[in-house]
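Colleague: I would like to learn how to read a protein structure. Could you take my questions one at a time?

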Amino acid sequence: MGMKMSRLVTIRSSRYGLDIELDSEAEFTALLAELAEKFRASSRFFGNAQMALGFAGRELSRAEEDEILEVINRNTQIEILCIIEHREKNELVYKSIIDRTLTDIRRWRGDFYRGPLGGKQILESESSVVILGDVEPGAAVRAGGNVAVFGTVYGSVQAGIPADRDAFVVALAMQPKQLCIGGIEAKRQIICQESLSIRGPKIAVVDGNRIYLDPLVE
């Protein structure tokens, strides 16, 4: 029984936080019980760390994800900042964005927004911000630091407010209504054209008095 139970759930530490591998065949209630037991046993080890969470092994509904978050919440002091969705084609993209933006998630002082950011919504942050979804038309992001978007930028993004020209904006695709870094506004048409010609995730940076778009991964 003990051997079989231990295979239902595997918890691994990654540089982004925790990866939880779940048995694909087991009853979900059995997985929850096993998770609770393992997190209770290791809660002192984790302390009150802040981390991202990834799942592998089976598809989870949003409700099931919420139940797992509740188990973690009840049995540990861990603060889960976001859930990284493990879809094979997005895996490398996500990791490259996180590598560039969050060099160490435990020291990350930015804000996470589990998106998408809908039209007319405004997200403001004095530090950096990570958005797990699109910035939709009509939405706006205003950040004192960097902005990383796990999706497409259609709305307006201002990074490095008011004058930090070392700030950057990262996204899977950029078709912004407005893009500003450190008070410099990009020429929208040029950014949209450059975005279409670059495959994969892109990074917008200031060089001189102009914003340029480059591939995030060379």
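This is a predicted model: local features need pLDDT of at least 70, side-chain atom pairs count only at pLDDT 80 or more; totals for chains, interfaces and linings use all residues.

Colleague: Which residue of E10 is the bridge partner of Val141?

Modeller: Start with the strands. Strand E8 covers residues 140-143, and it pairs with E10 in the parallel sense over three bridges. The partner of Val141 in E10 is Val157.

Colleague: Is Arg142 buried, partly exposed or exposed?

Modeller: Buried needs under 20%, and exposed needs over 50%. Arg142 has 31% relative accessibility, so Arg142 counts as partly exposed.

Colleague: How many salt bridges does the structure hold?

Modeller: One of them joins Lys38 and Glu34, with the closest N and O atoms 3.6 Å apart. Another joins Glu65 and Arg62, at 3.9 Å from N to O. The total for the structure is six.

Colleague: Which helix holds both Lys38 and Glu34?

Modeller: These two residues are four residues apart, about one turn of the helix. Lys38 is partly exposed, with a relative accessible area of 27%. Glu34 is buried, at 3%. Both lie in helix H2 (residues 28-46).

Colleague: Why are Glu65 and Arg62 separated by about one helical turn?

Modeller: Look at their places in the chain. Glu65 is buried, with a relative accessible area of 9%, while Arg62 is partly exposed at 49%. They are separated by about one helical turn because they are three residues apart in helix H3 (residues 62-75).

Colleague: At what distance from the ring centre of Tyr212 does Arg210 lie?

Modeller: A search of the whole structure finds zero aromatic pairs. Still, Tyr212 has a charged residue at its ring: Arg210 lies over the face. The distance from the ring centre is 4.1 Å.

Colleague: Leaving aside its neighbours within four places in sequence, which residues is Glu194 in contact with?

Modeller: Glu194 is found in helix H5 (residues 188-197). Glu194 is buried, because its relative accessible area is 19% and the cut-off is under 20%. Its contacts beyond those neighbours are Arg210, Tyr212 and Leu213.

Colleague: Which residue is joined to Pro162 by a cis peptide bond?

Modeller: First, find Pro162 in the loop between strand E10 (156-159) and strand E11 (169-174). The omega of the bond is about 5 degrees. The residue joined to Pro162 is Ile161.

Colleague: Phi of Lys120 is near what value?

Modeller: Lys120 sits in the loop between strand E5 (111-113) and strand E6 (122-125). Lys120 is exposed, with a relative accessible area of 79%. Its phi is positive, in a residue other than glycine. The value is near 75 degrees.

Key: Residues are numbered from 1 along each chain as its sequence is written. Side-chain values use heavy atoms; hydrogens and water are left out. Buried means under 20% relative accessible area, exposed over 50%, partly exposed in between (1.4 Å probe, protein chains only). Two strands pair if DSSP finds at least two bridges between them. Rings of Phe, Tyr and Trp (its six-membered ring) pair if their centres lie within 6.5 Å; planes under 30 degrees apart count as stacked, over 60 as edge-to-face and the rest as tilted. A charge sits over a ring if NZ of Lys or CZ of Arg is within 6 Å of the ring centre and within 35 degrees of the ring normal. Contact means heavy atoms within 4.5 Å. A salt bridge is a side-chain nitrogen of Lys or Arg within 4 Å of a carboxyl oxygen of Asp or Glu.
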